[in-house]
Amino acid sequence: TVLVVDFGAQYAQLIARRVREARVYSEIVPHTMPVSEILAKNPKAIILSGGPSSVYEPGAPTVDPALFEAGVPVFGMCYGFQLMARALGGTVDNSGAREYGRTPMAVTRPDSTLFEGTPDRQTVWMSHGDACSAAPEGFTVTAKTDVVPVAGFENDEKKLYGVQYHPEVMHSQHGQQVLEHFLYRGAGISPSWTTTNVVEESIAAIREQIGDKRAICGLSGGVDSAVAAALVQRAIGDRLTCVYVDHGLMRKGESEQVEKDFVAATGVRLKVVDAEERFLTALAGVSDPEEKRKIIGREFIRVFEQAASEIVAEGREAGGGDVEFLVQGTLYPDVVESGGGTGTANIKSHHNVGGLPEDLTFQLVEPLRKLFKDEVRMVGTEVGLPDEIVQRQPFPGPGLGIRIVGEVTRARLDLLREADAIARHELTAAGLDREIWQCPVVLLADVRSVGVQGDGRTYGHPIVLRPVSSEDAMTADWSRLPYEVLERISTRITNEVDEVNRVVLDVTSKPPGTIEWE
Ligand code: XMP
């Protein structure tokens, strides 16, 4: 394992992903973890992430110099580099020598461990306020910029390395190569972490955990629960039963996809609960977004609990042993964020299949809790799930219920389903699925505007297209879709969907707008 010490500002997750891209397993630990605890994890190497802009900021995190004396290879990046420089006796000046963004850098030691085989001049991504003006004793300076005399240093004997820039970001040329040089050459690690290994190890771990007992898994239609279920199914076969609650708020063809494609790919035992009536009744007369979300979350849990107890009872009658385990598709970023997280404001109460109550008396099986989203997709492909499931864009748990601004009714859902199916079809046909993060299609059910169609006046509803690009849904930008594609979607929706006479485009980034409208 390579440990990435997190000094904040979200760089650590990106570094951990890059290390894994180099086929070396990595985990993130908070900078508050004592060195003894870090070393007890037996890391093969340690990476210090970027962080605040200055080591001189009051309350800025520090590093215990003992970390550099344990014989474990260390790579400091940006803030981590400056902490390293200071801790080992180098000089970091608070002289206003700041650099931000793409910066030309000169490699002064092309034969160095980190830079060998990369060009003498490269553009790298800088983001710092202070500058290292003298490397610690025993270190070789490996790079410099116009502003910073020491932009990289290394001590090969002690296996300590550092760079002022951010090799993990895309804008740094040869960043991945430099990182790999550290891992393979500096730390002597061989790349062996592959999706095949991940699948084998996690199947073994699931078998070990569940033993000869049974498990259930809630399928949401999303990637995570599907991949988690497929892994567990591989491990324990028919002793897993999946539950799919059809709340009637899914898009066109979506429930069928879960019922047919997923079962076809995995052969899993599936219990489908048709709960449309129940959800629509509970939602009748409700327009407030938060209230809708709470109702959907509450009903979901009730239906799921009931289905679970039916499965338990049926299994007992058949002499099949107890259902003691519940499978969930929790991902690594959730684990990292809930571990080191400070409280954030509740913008929207997210409903998830993952949000089941704690008094549900199951033990959790979370086979994805060490994986990033892109790795989950690779695992999904490895266990034979089709692209339609594995490459699915995110879709919110409350479904179309939060894409109808106003009361949710069956007629409105049907209308939105048609409009959404057209938009999705055209986006897919234009080859844009991978380019956009997702494209909510929203019905403004309480708004009407005047139009003209054929010879007559119409008074219909607007449909909003909300295509966004994003890395992680925390922030997003509106996607600049080609006009021809927008035109096709608009023409088709207004022609083919009754009661819709206007299509509008949402050109708001997040923040200030959220991705979903409710
Ligand atoms: P917002 O609207 O908060 O959405 O910018 C961020 C991402 O989360 C998805 N989303 C949800 N996913 N349950 C989910 O599982 C929810 O309640 C929920 N609400 C929003 C949204 O589609 C986007 O990808």
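The domain assignment divides this protein into three parts: domain 1 (2-186), domain 2 (195-390) and domain 3 (403-505). Those bounds come from an automatic or database domain assignment. Residues are numbered from 1 along each chain as its sequence is written. The model is predicted, so local features need pLDDT of at least 70 and side-chain atom pairs count only at pLDDT 80 or more, while totals for chains, interfaces and linings use all residues.

Take domains 1 and 2. Their centres, taken over C-alpha atoms, are 39 Å apart. Six residues from domain 1 and five residues from domain 2 make the contact. Contact here means C-beta atoms, placed from the backbone, within 7 Å. On the domain 1 side, helix H1 (11-21) and strand E2 (26-30) each supply at least two residues. H1 gives the most, with three residues. By type, that side has two nonpolar, one polar and three charged residues. Nonpolar covers Ala, Val, Leu, Ile, Met, Phe, Trp, Tyr, Cys and Pro; charged covers Asp, Glu, Lys and Arg; the others, Gly among them, are polar. Helices (H or I, at least four residues) and strands (E, at least two) are DSSP runs, numbered from the N terminus.

Now the annotated site. Under "active site", the unreviewed UniProt entry lists Cys 78, His 166 and Glu 168. These residues span 91 residues in sequence, yet no two of their C-alpha atoms are more than 10.6 Å apart, so they gather at one spot. A caution: UniProt positions are in the numbering used here, feature names are shortened, and annotations may be inferred rather than shown by experiment.

Where is His 166? It sits in the loop between strand E11 (160-163) and helix H4 (175-186). Glu 168 lies in the loop between E11 and H4 too. Buried or exposed? His 166 is buried, because 23 C-beta neighbours lie inside 10 Å. Glu 168 is also buried, with 27 other C-beta atoms within 10 Å. The cut-offs: buried is 20 or more other C-beta atoms within 10 Å, exposed is 12 or fewer, partly exposed is in between, with C-beta atoms placed from the backbone.

Contacts next, leaving aside neighbours within four places in sequence. His 166 touches Cys 78, Trp 125 and Ser 172, among others. The partners of Glu 168 include Leu 14, Arg 18 and Leu 179.

Last, the core. The largest nonpolar core has 136 residues, and Ala 215, Ala 229 and Val 232 have the most contacts inside it. Such a core is a set of buried Ala, Val, Leu, Ile, Met, Phe, Trp, Tyr and Cys residues joined through C-beta atoms within 7 Å. Helix H6 (residues 223-236) brings the largest share, ten residues.

Technical notes:
Contact = placed C-beta atoms within 7 Å.
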